Amino acid sequence: MKFSHGWMADTHPDALSVFLHLNHRLPPETKYAQVIEMYETINATYMAEERRKRPDATEREVFLRVAARRLGAEMVRGAYGAEADDLQL
């Protein structure tokens, strides 16, 4: 079977085919666990970046800034009101 690999242009088509066939055979709970792990890694990276940029920030401020990065400043302002407004997201 031939796969389009524009989304992984740096991967040889044969390697991508093997990866996709193996991934297809994974049970749903394994795929779900992988997605959760990726999300947690990305979130931890965003949190670390915010802490590096703003070493004096509280954990709440870091949380709100990361939320704004993921969801957009307007949505975070709508959800958290004045608390988010104070940060000038």
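User: Which residues of α2 are buried?
Analyst: In this predicted model, N43, M47 and E50 of α2 are buried, meaning under 20% relative accessible area with a 1.4 Å probe and protein chains only. Local features require pLDDT of at least 70, side-chain atom pairs count only at pLDDT 80 or more, and totals for chains, interfaces and linings use all residues. Residues are numbered from 1 along each chain as its sequence is written, and side-chain values use heavy atoms, without hydrogens and water.

User: What covers the buried residues of α2?
Analyst: The cover includes α3.

User: Which residues make up the largest nonpolar core?
Analyst: That core has six residues: L64, A67, A68, V76, A84 and L87. A nonpolar core is a set of buried Ala, Val, Leu, Ile, Met, Phe, Trp, Tyr and Cys residues joined through side-chain atoms within 4.5 Å. Helix α3, residues 59-71, gives the most to this core, with three residues; helices are DSSP runs of H or I with at least four residues, numbered from the N terminus.

User: And what is A84 in contact with?
Analyst: Neighbours within four places in sequence aside, A84 is in contact with V76, R77 and L89, where contact means heavy atoms within 4.5 Å.

User: At what angle do α3 and α4 pack?
Analyst: Helix α3 and helix α4 (residues 73-80) pack at about 130 degrees, with axes 7 Å apart. The axes are lines fitted to C-alpha atoms over the stretch in contact, and angles run from 0 to 180 degrees between N-to-C directions.

User: Which residues make that contact?
Analyst: From α3 they are R60, F63, L64, A67, A68 and L71, and from α4 A73, M75, V76 and Y80.

Key: Buried < 20%, exposed > 50% of the residue type's maximum accessible area, 1.4 Å probe, protein only. Helix = DSSP H or I, 4+ residues; strand = E, 2+ residues; numbered from the N terminus.
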